[in-house]
Amino acid sequence: MQYYYQIFGWILKFIYNLVGNNYALALIVFTLFFRLILLPSTISQQKGAAKQMRMQAKVNRIQEKYKDYQKADKQQLIQQETQALYQKEGYSSMTGGCLPLLIQLPIMWGLYGAVYKPLSYILGIDSTVLQKFVDVYNSTFSPNNPVTLSGRVTQAEMFVLEKFEEIVPKVKGVSQDIIETIRNFDFTIFGIPLFARPSLDTLKHFGSASATDRWLLLIPLLSALTSLMTSILTQKRQEKTGQDTAQMKQMSCMMMFMMPLMSLWITFSLPAAVGIYWIISNVLAFLQTLVLGYTHAPRRVLARLMVEETIERRSKEENIKLMAKNNFEN
C-alpha cells in the first residue's frame, strides 16, 4: 500500500514544484487534476442514469402487461421477461451505476495517503530521519498511545509538524539543513496551519480562543455546507429526471443530510489539510455536477441514445435488404 500512496505523492510533489512551492495551491491543483481524471467515470454515471431511465420505461410496460395475473405467476413472469430484456439490451446495474463509483474509491484512498504525508512526499525526508522525530513525539506527547509511520494511512507526520518546535531540541542525529527545510515548509492556507485540527472546545471558550482556532472551525462547517450543496443539487436532478421512486427518494433524503453531518463530525478529528481537501473536492464536485447536468443531462443523453439506436437499426435493415437482394440475384 505504501508504494501505491507514493504514486500520488510524486504527483503532488510535481504539482508543488510546478506552482512555486505553494502547498495550498498545489492541493487545489492536485484535487482538480484527479477530478479531471475521474471525469470519464462521472460521465459514465450520467449515461448510466439515461440508460436506467430508458430501461425503467420498458420494465414499466412489462409490469403493466402482467398486472392482471395472479401474484405468484406475475412476479415470476415479470422477473423472467425483465431479465431477458436486460440481456437483449446489454444492460447491467453494475456498469450503469456501481462500477464508476468503485473505480473512484482506490483513487480517493491514494489521495488521502498523499495528503497525510507531506514530509515524505513533498520534502522528501527519509523515513529513518522522520522516525527520530516520531520517537521524540511519542516519548514526549504520546507515550501510552504511540503513533507510527508505517501501516495504514497515518497522521504521524501531521503530529510531528504540529509539535515540531518542541520536538527539535530533543532530536539527536538530524542535520540542521533538514531541520531548516521542515521549519521553512509553508504548510498553511490563509495563515491556517494545515496540520492543526479543529476542536469543539473552541466553541466553549470562543471568547478566549486564538484567531487560528476560530478560523479552524470554518473547515468542518464549510466541509458540511459544500457537501450539502452537492447533495441537494444531485437530489434536484434526480427529481427532474424522474429516477427516484418513493423508496429511493426516502433514501436520498437520508443521505442528503447524513453525508454532510458525517463530514462535519469527522473533520473535527482530522488535520485541517484533509478538511481543506474535502472542501475543494466538494466545490469541484458541485461545479462538475452543475455543468454535466446541462451537457450530459439524462434526458438529453437518452435522446442521443435513441437516435443512435434508430440509425443502427435502420442500418441493419438496409444490410439485410441488400443481402436478400444479392442472394435473389445470384
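What does a side-chain oxygen of Asn22 reach at the start of α2? In this predicted model, local features need pLDDT of at least 70, side-chain atom pairs count only at pLDDT 80 or more, and totals for chains, interfaces and linings use all residues. Residues are numbered from 1 along each chain as its sequence is written, and side-chain values use heavy atoms, with hydrogens and water left out. The Asn22 oxygen comes to within 3.2 Å of the backbone nitrogen of Ala24. Helices here are DSSP runs (H or I, at least four residues), as are strands (E, at least two), numbered from the N terminus.

Then there are the aromatic pairs, meaning Phe, Tyr or Trp rings (the six-membered one for Trp) with centres within 6.5 Å; planes under 30 degrees apart count as stacked, over 60 as edge-to-face and the rest as tilted. The count comes to 12. Tyr16 and Phe185 pair edge-to-face, at 6.0 Å centre to centre with 70° between the planes. Tyr16 sits in helix α1 (residues 2-18) and Phe185 in the loop between α10 (176-183) and β1 (188-189), so this pair ties together parts 169 residues apart in sequence. Buried means under 20% relative accessible area, exposed over 50%, and partly exposed in between (1.4 Å probe, protein chains only). Tyr16 is buried at 7%, and Phe185 counts as buried at 8%.

Tyr137 and Phe159 are stacked, because their ring centres are 5.4 Å apart and their planes at 15°.

Key: Polar contact = N/O pair within 3.5 Å; in protein donor to acceptor, adjacent residues only side chain to side chain.
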